[in-house]
Amino acid sequence: MVLPGEEGAELLSDAGLARLLAPFRPFRPQEVLRRAVYTFHARIACEWRRERVFLMGDAAHLTPPFAGQGMNAGLRDAHNLAWKIALVEQGHAAPGILDTYAEERREPARAMIRLAVAMGRIVMPASPGEAAFRAALVAALEPFPGVRDWLVAMRFKPPPAYASGLFLDRDSQPFEASLVGRMAPQPDLEGPAGTGPLDAALGPGFALVAQDGPGRRQSAGPGLADPSRPVFLLRPERYVAAAFDPGALEDGGARLAGLLGMAARLSAPVPPGA
Ligand SMILES: Cc1cc2nc3c(=O)[nH]c(=O)nc-3n(C[C@H](O)[C@H](O)[C@H](O)COP(=O)(O)OP(=O)(O)OC[C@H]3O[C@@H](n4cnc5c(N)ncnc54)[C@H](O)[C@@H]3O)c2cc1C
């Protein structure tokens, strides 16, 4: 960290780098690939869409890198928006679904920035007192490798999920531990060709996944099988759009088509790459 009174150019000189590295290893200039001082920002755009122009990635949100999530968030933006634009362009969904891009992505991006800023205070203590506190904390965690590993692996990061958007009955799920609004898990599947991730088996586009799952929390209405094993509808970027009782698949598909403003029903073929 460039401290008050220090100059970036001096820190990047051979003498500056040698001084910074001295406590750890000798300085060998021939091993230096790149020298740079980064200025970290924590910013988010007020407006993510104006008519046909959308902001995504660092143009929409800038985060300090301490949570390692800047590019991840940008990729999630792109995955979120791409299939929606494709459906609208191909006439399979109403243009209104494009507004759900910012609705879904903005708050998770903001939450990740806040997390990164908080982590930065730990990673880059600004005073000797804060540094001493961090050292004491790390020492105190030594007898608890489970907690230490949990911290190091950043398992405290909130799982990818959206509070609102293009989801069916997100807040009134009849199923225990509903995945609706969340990113689908990515288990390895065993098949005739060997083991591979679920994504590889599903391919692009929407996907229906039937699985053994938790039972029904409450009766969802007449005519539905009980106990049920939900069938999940995955969006192209692998967030769970809906969870259906197998007996209510057709009705659920029609309702989801209504949500998307789709002319076609769920059972109709999805265009390649959508
Ligand atoms: C030190 C550091 C460590 C990081 N570590 C991580 C990490 O561990 N994990 C992670 O997920 N992220 C990390 N990031 C963040 C990640 O690098 C960025 O979030 C990501 O590169 C942003 O991608 P982007 O495509 O949105 O923007 P950029 O990579 O900035 O791409 C924008 C491109 O647009 C071009 N451009 C700009 N203006 C114009 C114009 N007018 N016309 C044409 N082209 C233009 C630019 O030249 C550039 O090539 C880190 C960042 C830093 C600085």
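Predicted model: local features only at pLDDT ≥ 70, side-chain atom pairs only at ≥ 80, totals over all residues.
For my tally I count Ala, Val, Leu, Ile, Met, Phe, Trp, Tyr, Cys and Pro as nonpolar, Asp, Glu, Lys and Arg as charged, and the others, Gly among them, as polar.

**Ligand shell.** I looked up who sits around the ligand and got Tyr-38, Gly-57, Asp-58, Pro-65, Gly-68, Gln-69, Gly-70, Met-71, Asn-72 and Gly-74. Sorted by class, that shell comes out as six polar, three nonpolar and one charged.

**Helix H6.** Next I checked residues 145-152, which make up helix H6. I found zero of its eight residues buried, so I have H6 down as lying largely in the open. Just past H6 I noted Met-154, whose phi is positive at about 55°.

I placed Glu-51 in the loop that runs from strand S2 (49-50) to strand S3 (53-54). Is Glu-51 buried or exposed? I get 5 C-beta neighbours inside 10 Å, so Glu-51 goes down as exposed.

Asp-169 is another entry for my list, with a positive phi near 55°. I traced Asp-169 to the loop between H6 and strand S5 (188-191). Around Asp-169 I count 19 other C-beta atoms within 10 Å. Buried takes 20 or more, so I call Asp-169 partly exposed.

Notes: Residues numbered from 1 in each chain as written. Near = placed C-beta within 6 Å. Buried ≥ 20, exposed ≤ 12 C-beta atoms within 10 Å, placed from the backbone. Helix = DSSP H or I, 4+ residues; strand = E, 2+ residues; numbered from the N terminus.
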